[in-house]
Amino acid sequence: MQFWLIQTLNSIAFGGLLFLLSSGFSLIFGLMRMPNLAHGAFFMLGAYFGATFMNWGANFWIAALLSGLAVGVLGVILERGLLRKLAGNAQGQVLVTLGVSFIIADVCLMVWTGDPVPVPAPQWARPPMFLMGYAFPTYRLVVLVIAVIAAVLLYLLMERTRLGAMIRAGVDDMEMARGVGIRVSLLFMMVFMLGAALAGLGGTIGGPIMQAYPGLDADMLPLALVVVILGGVGSLMGAFVGSFAVGFIYNFGTALFPDFAYVILFLPMVAVLVLMPEGLFAGSRQ
Amino acid sequence: MASDILELTDVHAYYGDSHVLHGISFALKEGRLLGLLGRNGAGKTTCMSTIMGFLATREGAIRLNGEKISGNSPEAIARNGVCLVPQGRRIFRSLTVKENLQVAAQTPGGRTAWTLARVFDIFPRLKERQSQFAGSLSGGEQQMLAIGRALMGNPRVLLMDEPSEGLAPQIVADVGRTIAMLKAEGLSIVLVEQNIKMTLNLADDIVIINTGQVVFSGSAGDAAADQRLISQHLGVF
Ligand SMILES: Nc1ncnc2c1ncn2[C@@H]1O[C@H](COP(=O)(O)OP(=O)(O)OP(=O)(O)O)[C@@H](O)[C@H]1O
Ligand SMILES: [Mg+2]
C-alpha cells in the first residue's frame with residue numbers, strides 16, 4: 001500500500017515538474033510552429049543556476065525565481081538574437097535551438113564539471129509528512145502545489161487577458177492575426193521569455209528531486225515532446241493533462257518495469273500519433 | 001472629384017516561383033465601393049493578400065492615401081487602417097466572439113468610430129453569443145463576426161473577399177444590406193464577389209481581372225451594360 005501511495009505521489013509531483021517544462025514548450029511550439037530543442041537545456045540550466053544561487057546564500061525560493069528570470073532573459077536573447085534572423089525558416093530555427101542546446105550543455109560541463117550538483121530542498125520541506133499513518137515526502141507535495149499555482153496563473157493569463165487572446169489568435173491563424181494588426185514578433189518574444197523562465201524555474205524546483213547533472217537536458221526534452229504529442233501543440237489544457245499522464249506512465253514504468261520504461265512511455269505516444277495525430281486536445285483548432 | 005485612397009500600380013506578385021499577378025493597376029476613391037470581379041483562380045484573393053502584405057509586392061507599388069504601404073508588414077498595414085474580411089472568414093476559432101473583436105481593435109490615425117458596442121449594435125446576434133467560442137457559430141454568424149472584426153480596426157479601406165460565399169440566400173441578402181449600410185456610412189470598400197448581380201448593384205466602380213491582369217476597369221453602369229464583357233470574362237448571366 002505504501003508503495004502505491006508513494007509512487008502515486010511521485011508520479012503527480014513529476015507530472016507537475018513536467019508541466020513547468022512543457023507548458024512553455026507547447027506554447028512556443030504552437031505559436032512559432034517549431035519545437036524549441038533548447039528547452040531541456042533551459043531546464044538543466046535552471047537546476048544549475050538554482051544550486052549556485054543557493055551556494056551564494058540565496059534561499060530556495062529566491063534562487064528559484066532568479067533562475068527563472070535568468071533563463072527567461074537567455075530565452076529573449078536566443079529569440080531576438082538568433083531565431084528572429086531566421087523568421088520563416090522553421091527548419092533553420094529548429095537546428096539553431098539544437099545547436100544552442102549543445103552549447104549550453106558544454107558550458108554547463110565546463111562550469112559545473114561532470115559531477116552531479118545537489119540542489120537542496122527548503123529546510124522545512126525535508127522531513128516527511130505523516131498523514132493517516134503513512135509517511136509522505138513533503139517536498140513532492142510542495143512541487144505539486146507550485147505546479148498547480150503555475151497552471152492557474154497561466155490559465156488566467158491565456159484565457160482572461162487580451163494578451164492571452166492574442167497568443168491564442170496567433171496559434172489559430174498566424175497570418176490572419178497579423179492581418180488584424182497583432183504584432184506577432186512581440187508575442188514571440190514574450191512567449192519565448194515566459195516559456196524559458198518556466199523551464200528555468202522548473203529546473204530549480206525539480207532540483208531536489210532530480211539534482212543537476214550533465215544529461216538532464218537530454219533526459220527532459222523527450223518527455224516534453226511526448227507531453228506535447230499527447231496533449232496537442234499550443235494547448236495549455238493539453239500540456240496539463242499530458243504532463244500528469246506522462247508523469248504516471250514514466251514513474252510507474254520505471255518503478256515496475258525498469259527495463260521497459262521508455263517502451264511504456266513511447267507506446268502511447270505512437271498510438272496517439274497514429275490515431276489522433278493532432279493530439280488529444282486539438283478540438284479547439286482548425 | 002474624390003481622391004484615391006487605395007492605389008495599386010503595376011503590382012506583380014508570386015507564390016514561390018509561380019507568377020500570379022501580372023501588373024495589376026486600379027484605384028479606389030474615397031467613400032466609394034469598387035467591385036473586383038473575375039473567374040475562379042483569376043487572382044482576386046491574391047490581390048487582397050498582396051494589399052494586406054501577406055504576399056510581397058515584387059514589382060510595382062501599393063499606396064494608401066498616397067503613402068506607399070507595399071513592403072510594410074501585415075500588422076503595420078492593418079494598423080494603418082486596411083482591414084480585411086478574408087475569404088473563408090478565418091475567424092479565430094478558439095477565441096470567444098468578444099475576444100475575436102477585441103484582439104482586432106485598432107485606432108488608425110485616432111479613428112474611433114467603431115467600438116465593440118457599435119459592432120454589437122449592427123450585429124445583435126454577435127452580442128447574444130459574445131461568450132461563445134467562435135468555432136461554434138453558424139456560417140452566417142461567422143461571416144458577421146469576420147465583418148465585425150474588420151470594422152474593429154476602424155478601416156480607412158475595407159477589403160471584403162467573397163463575403164456571400166457559402167451562405168444561404170436569406171443570409172446573402174443580409175450581408176448585402178450590411179455592405180450597403182457601410183457604404184452609406186462613407187466607408188471606402190473593395191468588394192470581391194462571385195455574386196455578380198449583387199456586386200453590380202452595390203458598386204460604383206468595377207474592375208475585372210483575368211489570369212492576374214486587369215481586363216476591364218470602369219463604372220458599374222458600363223460594366224452592367226456590356227453583356228459581351230461579362231460573358232467573356234465572368235462566364236455567367
Ligand atoms: N498558396 C498558393 N500557392 C500557390 N498558388 C496559389 C496559392 N493560392 C492561390 N494560388 C494560385 O493563384 C491563382 C490565383 O488564385 P486566387 O486564390 O487569387 O484566385 P481567386 O480569384 O481568389 O479565386 P476564387 O474565386 O476561387 O477565390 C490560382 O491559379 C491559384 O491556383
Ligand atoms: Mg479567392
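Colleague: Why is A:Leu256 called partly exposed?

Modeller: In this predicted model, A:Leu256 has a relative accessibility of 37%. Buried requires under 20% and exposed over 50%, so a value of 37% makes A:Leu256 partly exposed. The residue lies in helix 10 (residues 236-256) of chain A.

Colleague: What makes the nonpolar surface patch, and which residues belong to it?

Modeller: A:Leu256 is one of its members, together with A:Phe3, A:Trp4, A:Phe257, A:Phe260, A:Val263 and A:Leu267, and the patch covers about 710 Å². Helix 1 (2-32) and helix 11 (261-275) of chain A each supply at least two residues of the patch.

Colleague: How do you know whether A:Val76 is buried or exposed?

Modeller: The relative accessible area of A:Val76 is 17%. The cut-off for buried is under 20%, so A:Val76 is buried. The residue sits in helix 3 (residues 60-81) of chain A. Leaving aside residues up to four places away in sequence, A:Val76 touches A:Gly81, A:Met189 and A:Met193.

Colleague: What makes B:Thr45 and B:Gln87 ligands of the magnesium ion?

Modeller: The atoms OG1 of B:Thr45 and OE1 of B:Gln87 coordinate the magnesium ion (ligand 2) at 1.9 to 2.1 Å. A donor must lie within 2.8 Å of the metal, so both atoms qualify. The pair links distant parts of the chain, 42 residues apart: B:Thr45 is in helix 1 (residues 44-52) of chain B, and B:Gln87 is in the loop between strand 6 (82-85) and helix 3 (97-102) of chain B. B:Thr45 is partly exposed at 29%, and B:Gln87 is partly exposed at 27%.

Colleague: Why is the contact of B:Glu75 with A:Arg178 called a salt bridge?

Modeller: The closest N and O atoms of the two residues are 2.7 Å apart. The limit is 4 Å, so the contact counts as a salt bridge. This pair crosses between chains, from helix 2 (residues 74-79) of chain B to helix 7 of chain A. B:Glu75 is buried at 9%, whereas A:Arg178 is partly exposed at 26%.

Colleague: How many salt bridges join chain A and chain B, and what area is buried?

Modeller: There are 4 salt bridges between the chains, including that of B:Glu99 with A:Arg168 at 2.8 Å. The two chains bury about 2,000 Å² between them, with 53% of it on carbon and sulfur atoms. In chain A, A:Met176, A:Arg178 and A:Val180 lose the most area to chain B, together 27% of what that side buries. The contact takes 20 residues from chain A and 22 residues from chain B.

Colleague: Why is helix 6 (residues 162-172) of chain A described as mostly covered?

Modeller: In helix 6 of chain A, 9 of its 11 residues are buried, among them A:Arg168. Their cover includes helix 1, helix 5 (138-160), helix 7 (174-179) and helix 8 (184-210) of chain A, together with helix 3 of chain B.

Notes. Residues are numbered from 1 along each chain as its sequence is written. Chains are lettered from A and ligands numbered from 1 in the order in which they are written. This is a predicted model: local features need pLDDT of at least 70, side-chain atom pairs count only at pLDDT 80 or more; totals for chains, interfaces and linings use all residues. Side-chain values use heavy atoms; hydrogens and water are left out. Helices (H or I, at least four residues) and strands (E, at least two) are DSSP runs, numbered from the N terminus. Buried means under 20% relative accessible area, exposed over 50%, partly exposed in between (1.4 Å probe, protein chains only). Contact means heavy atoms within 4.5 Å. Patches are made of residues with over 30% relative accessible area and no salt bridge: like charges are joined within 9 Å, nonpolar side chains (Val, Leu, Ile, Met, Phe, Trp, Tyr) within 5 Å. Accessible areas come from the Shrake-Rupley method with a 1.4 Å probe; for residues, only the protein chains shown count as cover. A salt bridge is a side-chain nitrogen of Lys or Arg within 4 Å of a carboxyl oxygen of Asp or Glu. Donors are N, O and S atoms within 2.8 Å of the metal (3.2 Å for Na, K and Ca); water is not among the atoms, so sites may look incomplete. Buried area is the accessible area (1.4 Å probe) that two parts lose on being put together, summed over both.
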